[in-house]
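Colleague: I am new to this one, and I would like to walk through it with you. Could we take it piece by piece?

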Protein chains: 2
Amino acid sequence: MEKVLSDYLHFLRFASVSADPSQEYAVIACAEWLADYLSQIGLDVESWETSGYPVIFATNGPPNPKLPTVLLYGHYDVQPTDPLDEWKSPPFEPRMDDGEIYARGAQDNKGQIFYTITAIAQLLKEKGSLPVNLKLLIEGEEEVKSTGLAGILDQRKEQLKADYLLIVDVEIIDAKTPAVTLGARGMASMTVELRGSRTDLHSGFHGGIVYNPNHALVELLAKLRKENGEVAVPGFYDDVKELSEEEKKLIDLSFDPESYRRNFGAEPTGGEKDRSPAESQTLRPTLEINGLAGGYAGPGFKTVIPAKAVAKISCRLVPNQEPGKIERLVADFLKANCPPGIEISVTPIGGGKAVQASPHSRLAQIASEAYTELFGNPCRFIYAGGSIPVTAGLVQASGAELAFIGMGVSTDNIHAPNEHFGWDRFWMGVKLIQSILQRL
Amino acid sequence: MEKVLSDYLHFLRFASVSADPSQEYAVIACAEWLADYLSQIGLDVESWETSGYPVIFATNGPPNPKLPTVLLYGHYDVQPTDPLDEWKSPPFEPRMDDGEIYARGAQDNKGQIFYTITAIAQLLKEKGSLPVNLKLLIEGEEEVKSTGLAGILDQRKEQLKADYLLIVDVEIIDAKTPAVTLGARGMASMTVELRGSRTDLHSGFHGGIVYNPNHALVELLAKLRKENGEVAVPGFYDDVKELSEEEKKLIDLSFDPESYRRNFGAEPTGGEKDRSPAESQTLRPTLEINGLAGGYAGPGFKTVIPAKAVAKISCRLVPNQEPGKIERLVADFLKANCPPGIEISVTPIGGGKAVQASPHSRLAQIASEAYTELFGNPCRFIYAGGSIPVTAGLVQASGAELAFIGMGVSTDNIHAPNEHFGWDRFWMGVKLIQSILQRL
């Protein structure tokens with residue numbers, strides 16, 4: 001256990017922020033360390049070149065035709081760390097406090113993929129072999145839309161063929177209540193830039209003449225949502241396929257506003273007025289402004305009218321919605337509503353389609369049994385609000401049955417300051433992976 | 001001339017950004033250098049302590065009751081430098097290119113105050129004395145609302161008493177067309193912070209539940225202005241005193257959209273629809289968003305719902321408007337319109353009242369004559385769109401007649417990347433100061 005902890009902390013120390021070009025060295029060093037680690041536990045490892053960061057692919061030797069083939073997916077890249085000043089300790093200097101490991105990536109996804117690796121390493125060490133043909137796929141661009149991996153799926157199709165695809169990158173309901181995740185939302189994302197002048201201007205001399213890009217931006221973005229919380233872009237909901245009442249019954253749609261308030265210091269006031277929070281969270285498409293920047297918002301004050309203002313927007317999509325179509329609809333809406341004197345550019349950043357698996361599949365049933373036994377508490381089926389953009393492509397390339405599993409809980413602060421993961425849940429994860437592999 | 005250039009460049013090398021606490025050392029070093037420099041040219045120098053950065057006050061010895069007393073005002077602090085990546089050379093490494101000196105502060109206000117100092121130094125050197133009782137006041141917080149100087153005006157009232165007050169911190173119409181500035185707008189400014197949750201949240205899991213502070217911010221700020229360009233805050237225009245038609249005739253209200261487009265790469269589409277650009281620019285109050293920040297808007301993408309979003313807002317005010325009242329009106333409007341689930345805080349940053357001087361005063365007439373002779377081109381009267389917040393307090397403390405003079409032009413990029421000032425205009429400024437002092 002001490003050796004596992006020390007290796008896990010080593011893994012967390014790489015600042016593998018795929019979104020930040022200045023961390024390129026750290027991302028690559030992380031991939032190399034990981035490949036080496038997987039070799040050492042006895043796997044055959046390949047590092048696949050992509051347009052971006054390498055994909056690490058590991059197997060337990062030539063396939064045994066009598067055994068099922070399982071493709072396990074995770075990623076070694078992590079989210080950026082800002083706002084850095086809200087971290088209680090440096091994000092790449094992991095520390096254990098009260099049974100929780102604090103670090104960027106502690107859960108998402110280094111923690112989850114490392115208990116997966118540990119489960120495999122233990123089985124190999126104790127039994128000398130695995131009960132499945134293993135294909136372990138760990139990429140380095142999940143947090144930047146998996147562009148590299150998506151670009152080589154066709155070319156690697158043969159190697160990716162599998163009976164079962166397990167995405168080990170999701171949450172359960174809470175630390176006591178397990179769940180198999182059957183779907184994840186898709187994503188469309190873009191950068192919007194408004195420009196009003198060649199350079200920044202003085203707000204005394206130019207206030208009341210030039211159209212301030214900050215004003216243009218807030219006026220434009222305010223039009224994206226209606227008072228009732230719906231997205232106002234025409235056609236946005238056209239392709240949304242609603243779940244049937246029978247399907248809705250199979251899944252858990254509970255939501256406790258009191259614990260939401262306690263856990264996040266937030267009120268659940270942001271969704272569509274005629275949908276429940278759990279429905280809004282997982283079964284409805286959304287449009288969120290993830291970033292705003294224009295002029296000077298730091299300490300003190302700067303009386304500037306900025307030359308440009310920028311927003312980052314992402315939409316979560318549900319099955320049947322096409323990311324490219326949604327990007328176009330949003331971009332067209334923004335361009336049509338841009339005020340005079342302002343130049344607009346909208347740059348798509350990439351995305352992926354939503355995926356939905358069946359609760360009746362063999363994989364979903366086995367994962368559910370493994371969870372139920374491990375927790376001593378009935379496993380539920382849920383949908384994830386988040387996105388793992390490459391999933392749809394992986395399903396297609398592998399031809400496999402899909403399920404999402406994990407040991408995350410909603411208070412792990414992933415994508416936020418002070419991300420953490422429970423050391424107890426890490427070892428529950430080891431057992432979960434082993435139990436599923438043995439049942440398949 | 002070489003010595004003057006070298007001293008001016010030395011002055012520009014101090015990164016005296018009063019808005020940035022991390023530059024405290026540079027601001028203070030700049031003040032000390034300046035005090036020492038003024039001593040060396042033969043003035044009696046005092047450094048006045050304030051709640052913030054020191055005010056440098058220099059005189060030419062005990063007053064001669066037969067001579068008029070002139071208070072000259074400028075500042076040694078400068079604006080922040082971001083966006084830094086749009087500077088063609090580092091902002092605090094001044095360079096001369098094609099007769100222009102490029103640096104933060106090259107014009108505003110180090111360039112303008114340094115030709116003033118040079119004019120005085122030359123007169124002292126050549127004639128041994130000045131034709132006036134000089135009071136030179138150079139503060140270090142003009143760019144952050146002059147809080148320090150404003151706080152000691154009462155206490156320094158006796159020392160500030162003067163017949164004439166010249167604010168050397170404005171622009172002329174263009175490099176060939178001089179103008180005396182008769183008024184400057186006032187200012188009210190504030191920071192608005194919206195908070196939706198305790199920490200940043202993942203937009204997959206929380207999108208469609210929490211009210212994203214970025215959305216709350218754009219929706220709220222979009223309400224501040226009407227479609228016709230008017231400020232929508234109730235009561236905002238209540239105290240505005242319009243100029244009479246006769247007053248309007250005395251001042252230059254020309255505006256050339258073509259040269260505006262050429263100079264700034266901007267269209268004049270931002271003002272009130274039923275006012276001319278020149279009127280909007282100088283005689284009408286404005287409300288501008290000077291800064292926006294929320295979430296992650298840097299390279300790559302971060303699927304975050306930020307815990308908070310921030311805006312910086314400033315209003316330019318015209319005579320008769322009270323900064324405190326305008327701050328309250330705007331804050332009340334924002335609070336009343338803040339959506340459910342979002343906590344709002346509005347923090348006033350400070351401001352100042354607008355000032356307006358008479359075109360018929362002796363000082364305005366003398367400055368006009370000096371400009372006309374120097375340029376060989378009739379001098380006009382204008383109002384400035386900008387603000388020098390402490391002016392109203394200085395007029396009151398000094399009991400002096402007021403005029404604003406300067407050698408800036410609108411293409412100097414003050415408060416913007418690549419600020420610059422013409423070396424020829426620097427020497428015109430030296431002559432202007434000398435000519436005015438000799439005529440008084």
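Modeller: Gladly! Keep in mind that this is a predicted model. Let us begin with helix H11 (residues 323-336) of chain A: at 1.5 Å a residue, its 14 residues should span 20 Å, and its end C-alpha atoms are 20 Å apart, which agrees.

Colleague: Which residues of H11(A) are buried, and on which side of the helix do they lie?

Modeller: The buried residues of H11(A) are Pro323(A), Ile326(A), Glu327(A), Val330(A), Ala331(A), Phe333(A) and Leu334(A). They cover an arc of only 160° around the axis, which puts them on the same side of H11(A). In general, an α-helix has 3.6 residues a turn, so residues three or four places apart point the same way. So the arc of 160° gives the answer: the same side.

Colleague: What do the buried residues of H11(A) pack against?

Modeller: Their partners include one helix, H7 (213-222) of chain A. The strands they pack against are S9 (186-195), S11 (286-295), S13 (308-317) and S14 (343-352) of chain A.

Colleague: Moving to chain B, what is the strand order of the open sheet of three strands?

Modeller: Strands S4 (95-97) and S18 (420-422) of chain B each pair on one side only, as edge strands. The pairing is antiparallel, and the order is S4-S5-S18.

Colleague: How many degrees does the twist of that sheet average from one strand to the next, and which helix packs on the sheet?

Modeller: The twist averages 30° from one strand to the next. The helix touches S4, S5 and S18 of chain B, and its direction makes about 30° with that of S5(B). This is helix H1 (residues 2-13) of chain B.

Colleague: What is the bridge partner of Met96(B) in S5(B)?

Modeller: S4(B) and strand S5 (residues 100-102) of chain B run antiparallel and are joined by three bridges. Within S5(B), the partner of Met96(B) is Ile101(B).

Colleague: How many residues lie between S1(B) and S2(B) in their hairpin?

Modeller: Strand S1 (residues 44-48) and strand S2 (residues 55-59) of chain B run antiparallel, with five bridges joining them. Across the pair, Glu46(B) stands opposite Phe57(B). The number of residues between the two strands of the hairpin is six.

Colleague: Why is strand S8 of chain B described as largely enclosed?

Modeller: A residue counts as buried under 20% relative accessible area. In S8 (residues 179-184) of chain B, six of the six residues are buried, so the strand is largely enclosed by the rest of the structure.

Colleague: Is the aromatic pair of Phe255(B) and Tyr260(B) stacked, tilted or edge-to-face?

Modeller: Phe255(B) is partly exposed, with a relative accessible area of 24%, while Tyr260(B) counts as buried at 4%. Their ring centres are 5.3 Å apart, and the angle between the planes is 45°. Planes under 30 degrees apart would count as stacked and over 60 as edge-to-face, so this pair is tilted.

Colleague: Where is the cis peptide bond from Asp82(A) to Pro83(A)?

Modeller: In general, most peptide bonds are trans. The bond from Asp82(A) to Pro83(A) is cis, with omega near 0°. Pro83(A) sits in the loop between strand S3 (69-75) and strand S4 (95-97) of chain A.

Colleague: One last stop: what is phi of Lys145(B), and is the residue buried or exposed?

Modeller: Lys145(B) lies in the loop between strand S6 (133-139) and helix H4 (147-152) of chain B. Its phi is near 80°, a positive value in a residue other than glycine. With a relative accessible area of 7%, Lys145(B) is buried.

Terms used:
Residues numbered from 1 in each chain as written. Chains lettered and ligands numbered in written order. Predicted model: local features only at pLDDT ≥ 70, side-chain atom pairs only at ≥ 80, totals over all residues. Heavy atoms only, no water. Pairing = 2+ DSSP bridges. Helix = DSSP H or I, 4+ residues; strand = E, 2+ residues; numbered from the N terminus. Axes fitted to C-alpha atoms, helices over the stretch in contact; angles between N-to-C directions. Contact = heavy atoms within 4.5 Å. Expected span 1.5 Å × (residues − 1). Buried < 20%, exposed > 50% of the residue type's maximum accessible area, 1.4 Å probe, protein only. Arc of directions from axis to C-beta. Phe/Tyr/Trp six-rings, centres within 6.5 Å; stacked < 30°, edge-to-face > 60°.
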